[in-house]
Every structure is written in structure tokens, then in C-alpha cells.
Amino acid sequence: MTLFTGEPAAVRSALKKAAETAEAGGKKAGIIDFGGNAEEAARLFFKELRRLDSQHVDVIFAAGIEETGIGVAVMNRMRYAANGNIINV
């Protein structure tokens, strides 16, 4: 998984571009984007990872969320899942 952080509009654009580039290269791409909603991300992040895994995607691109409140814990999990593959846009 690659985690994208930064200003939300720039992150969305980078996610789309990364997915398009991966698919142009013959890879199946999945995107995780909760639109900045930390509560939703807390509830659904691992469910989305499992869903994309069951769809046998080759790469996953995820949008980070603001690190306030529950967002701190969610971003901790996202960073762990990204295993150092983090792009700040």
C-alpha cells in the first residue's frame, strides 16, 4: 500500500494519477479514500483493505486523514500498513 498525505485536493489528484499510471502499466489498482472522515476511516479501513485484497488488486493507494482526535490512531495504522511507502503531496 502507498499512503498519500497532504492537502486533500492534491491527495485526491495524486491518487487518481497513481492508479491510472499503475493500470496503464498492466496492474490492477485499488483506492482507499474516506474523504477526510476520520470516524469512517476508523470503522472501515481494515474492511477496505480486506475488500481490495479479495479483489486481487496489485497495488493499493490510500488517502491519509487529518491527525486530530481519532485520526491520530487511524494514521498510525495506515502508516503501518504502508510499510514506509508514504508520499507527501
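This is a predicted model: local features need pLDDT of at least 70, side-chain atom pairs count only at pLDDT 80 or more; totals for chains, interfaces and linings use all residues.
Okay, let's start with the helix pair. Two packed helices are described by the angle between their axes and the distance between the axes. Here the pair is H2, residues 38–54, and H3, residues 70–82. Their axes are 8 Å apart, and the angle is about 25°. That angle is under 35 degrees, so H2 counts as roughly parallel to H3. As for handedness, H2 and H3 cross in the left-handed sense.

Who makes that contact? On the H2 side you have Ala 38, Glu 39, Ala 41, Ala 42, Phe 45, Phe 46 and Leu 49. Coming from H3, there's Ile 70, Gly 71, Val 74, Arg 77, Met 78 and Ala 81. If you sort the H2 and H3 contact by class, you get 10 nonpolar residues, 1 polar and 2 charged.

Right, on to the cores. The largest nonpolar core has 17 residues. Which of them touch the most other members? Those are Met 1, Leu 3, Ile 32, Phe 45, Ile 60 and Met 78. The elements that put two or more residues into this core are H2, H3 and strand E3, which is 59–63. H2 is the top contributor, with 5 residues.

Leaving out residues up to four places away in sequence, Met 78 touches Met 1, Leu 3, Phe 34, Phe 45, Ala 63 and Gly 64. There's also a second, separate core, this one of 11 residues, and among them are Phe 4, Ala 22, Val 59 and Ala 63.

Number one is Ala 18, over in helix H1, residues 8–24. Ala 18 counts as buried because its relative accessibility is 16%, and the cut-off is under 20%. Beyond its neighbours within four places in sequence, Ala 18 is in contact with Phe 4 and Phe 61. And if you want a distance to check, Ala 18 and Ile 31 are 13 residues apart in sequence and 9.6 Å apart, C-alpha to C-alpha.

Next up is Thr 2, in strand E1, which covers residues 2–5. Is Thr 2 buried or exposed? It's buried, since its relative accessibility is 17%. Skipping anything up to four places away in sequence, Thr 2 touches Ile 60, Phe 61, Ala 62, Asn 85 and Ile 87.

Then there's Glu 48, back in helix H2. Glu 48 has a relative accessible area of 18%, so that one is buried too. With residues up to four places away in sequence left out, Glu 48 touches Ile 32 and Phe 34.

Last topic: backbone angles. Most residues other than glycine have a negative phi, and most peptide bonds are trans. So where do we find positive values here? One is His 56, with phi near 60°. You'll find His 56 in the loop between H2 and E3, and His 56 is exposed, at 62% relative accessible area. Another is Asn 83, where phi is near 50°. Asn 83 sits in the loop between H3 and strand E4, 86–88, and Asn 83 is exposed as well, at 65%.

That's my tour, thanks.

Technical notes
Residues are numbered from 1 along each chain as its sequence is written. Side-chain values use heavy atoms; hydrogens and water are left out. Axes are lines fitted to C-alpha atoms, for helices over the stretch in contact, and angles run from 0 to 180 degrees between N-to-C directions. Helices (H or I, at least four residues) and strands (E, at least two) are DSSP runs, numbered from the N terminus. Angles under 35 degrees count as roughly parallel, over 145 as roughly antiparallel, 65 to 115 as roughly perpendicular and the rest as oblique. A crossing is left-handed if the near helix is turned anticlockwise from the far one by less than a right angle, and right-handed if clockwise. Contact means heavy atoms within 4.5 Å. Ala, Val, Leu, Ile, Met, Phe, Trp, Tyr, Cys and Pro count as nonpolar, Asp, Glu, Lys and Arg as charged, and the others, Gly among them, as polar. A nonpolar core is a set of buried Ala, Val, Leu, Ile, Met, Phe, Trp, Tyr and Cys residues joined through side-chain atoms within 4.5 Å. Buried means under 20% relative accessible area, exposed over 50%, partly exposed in between (1.4 Å probe, protein chains only).
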